[in-house]
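Hi,

Here is the structure I promised to pass on, with some notes on its side-chain contacts below. Have a look at it first, then read on.

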Amino acid sequence: MLLADLGADVVKIEQVGKGDDTRSWNPPSAPLLPSTASSLPERAHSLPPESAYFLSTNRNKRSVTVNFKDPAGLEIIYKLIEQADVLVENYIPGKLAQMGLGWEHCHEINPRLIYASVTGYGQSGPYSRHAGYDVIVEGEAGLMHITGEPYPAPPVKVGVAATDIATGLYTHGAVMAALIGRAKTGKGCWIDCNLFDTQVAGLANIASNYLIAGQEAKRYGTAHPSVVPYEVFPCKAPEGEEGVDFMMIGAGNEGQFHTLCTLVLPLPSLPTDPRFSTNALRVANRKELISLLRTEFMKETKAYWMKRFKDATKSGKGVPHGPINGIKETFEHEQAVARKVTVEIDHPRAGPIKIVAPAVSYNGKKMQVRRHPPWLGEHTDEVLAELGYTEAQVEELRAKRVI
């Protein structure tokens with residue numbers, strides 16, 4: 001999708017009759033227009049609704065359904081490879097090679113091809129043939145161990161598939177680098193990206209703490225192991241509502257702690273209290289300090305405290321802070337509105353829908369969403385025509401369930 005955002009013609013190869021698994025990951029799904037409201041072919045009307053999950057990751061792509069276990073289908077893929085700059089695949093290592101679509105086969109067809117393999121554990125090692133799942137690798141490669149409230153509370157997964165997303169980002173960068181390399185050498189290459197290596201790399205300073213000092217990590221919830229206060233605090237819910245609200249506060253130095261206690265909170269004695277006068281002392285006396293702060297924050301609402309923080313910032317003495325927003329609040333955030341983080345597009349099966357816009361701007365302009373996320377097989381006829389197939393040949397392939 002990121003390559004498509006940049007202008008690449010991305011052809012998504014999907015299973016005949018079923019497609020990408022995420023097409024069926026619903027609810028929720030986009031609404032369906034009445035069949036009388038569009039001029040789509042009959043096969044489009046028989047498909048299930050477009051899942052919100054699929055719509056989130058497939059903008060700017062074309063969809064082609066091919067059964068490449070059939071020799072006629074494999075021939076279609078070979079024709080695409082002849083013309084392609086990049087092939088991205090996420091099969092278990094060795095599986096595509098058995099079908100005649102491994103790196104060696106594809107490199108022979110097109111020596112300039114960039115072949116990007118995205119797997120769970122990479123092309124080598126004792127786990128290379130294992131299927132990869134984000135939540136499993138989160139646990140296996142350390143992320144879940146450091147996510148969640150302190151022991152004895154159980155580890156928790158990140159709220160989105162962070163390891164999957166990070167692997168996609170690494171793959172995107174690798175493909176771009178390989179294209180630059182090919183421009184210099186004229187040769188393609190085989191990229192090996194995987195969830196496990198990505199997640200280990202993503203441990204960042206936590207990994208370094210262990211490698212340099214042998215320090216095993218712990219879970220701190222939203223807190224920081226070596227900076228206090230630096231965590232989520234509860235506050236009073238708005239009038240008429242039950243429960244509590246939350247906000248994130250990070251006083252990373254002595255000046256910010258002083259501002260927090262004197263300009264935001266009515267606790268001017270804390271910065272000189274011998275238990276809390278330095279960050280090291282605040283770390284040592286974490287429980288006592290956090291208890292005092294929580295008690296004070298629970299006296300007022302999130303909106304009240306956000307104004308107090310904003311007023312402190314206007315005085316030139318800010319403290320890092322932010323509300324814990326729900327998804328509705330996130331999209332209604334004035335910064336989200338100003339940055340136009342969503343875009344409305346017309347989908348031929350669902351009508352007008354909103355999706356998240358590309359995150360990067362160039363020269364002050366957002367990249368365009370040129371294509372709606374495709375319905376299953378939407379571009380099969382179009383792409384096959386580009387490859388030289390006649391309408392009669394396409395219909396014959398469809399009758400044989402090759403496409």
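D85 counts as partly exposed at 43% relative accessibility, where partly exposed covers the range between buried (under 20% relative accessible area) and exposed (over 50%), with a 1.4 Å probe and protein chains only. Its partner in a salt bridge is R182, with the closest N and O atoms 2.8 Å apart. Helices (H or I, at least four residues) and strands (E, at least two) are DSSP runs, numbered from the N terminus. R182 itself is buried, with a relative accessible area of 8%.

Before the rest, the ground rules: this is a predicted model, in which local features need pLDDT of at least 70 and side-chain atom pairs count only at pLDDT 80 or more, while totals for chains, interfaces and linings use all residues. Residues are numbered from 1 along each chain as its sequence is written, and side-chain values use heavy atoms, leaving out hydrogens and water.

A salt bridge here is a side-chain nitrogen of Lys or Arg within 4 Å of a carboxyl oxygen of Asp or Glu, and the count comes to 22. Another one joins E14 and R23, with the closest N and O atoms 2.8 Å apart; E14 and R23 are both buried. R23 also has its charged end over the ring of F54, 3.8 Å from the centre (CZ of Arg or NZ of Lys within 6 Å of the ring centre and within 35 degrees of the ring normal). R282 does likewise over the ring of F257, at 4.2 Å from its centre.

In helix α18 (residues 391–399), R398 and E395 lie three residues apart, about one turn of the helix, and their side chains meet in a salt bridge (3.3 Å, N to O). Salt bridges that share partners also join D9, R62, E382 and E386 into one network.

What about the rings? There are ten aromatic pairs, meaning rings of Phe, Tyr and Trp (its six-membered ring) with centres within 6.5 Å; planes under 30 degrees apart count as stacked, over 60 as edge-to-face and the rest as tilted. Y121 and F196 have their ring centres 5.8 Å apart and planes at 35°, so this pair is tilted. Y121 is buried, with a relative accessible area of 11%, whereas F196 is partly exposed at 27%. F297 and W305 pair edge-to-face, 5.1 Å centre to centre with 85° between the planes, and both are buried. Together with F233 and Y304, F297 and W305 form one aromatic cluster.

Best wishes
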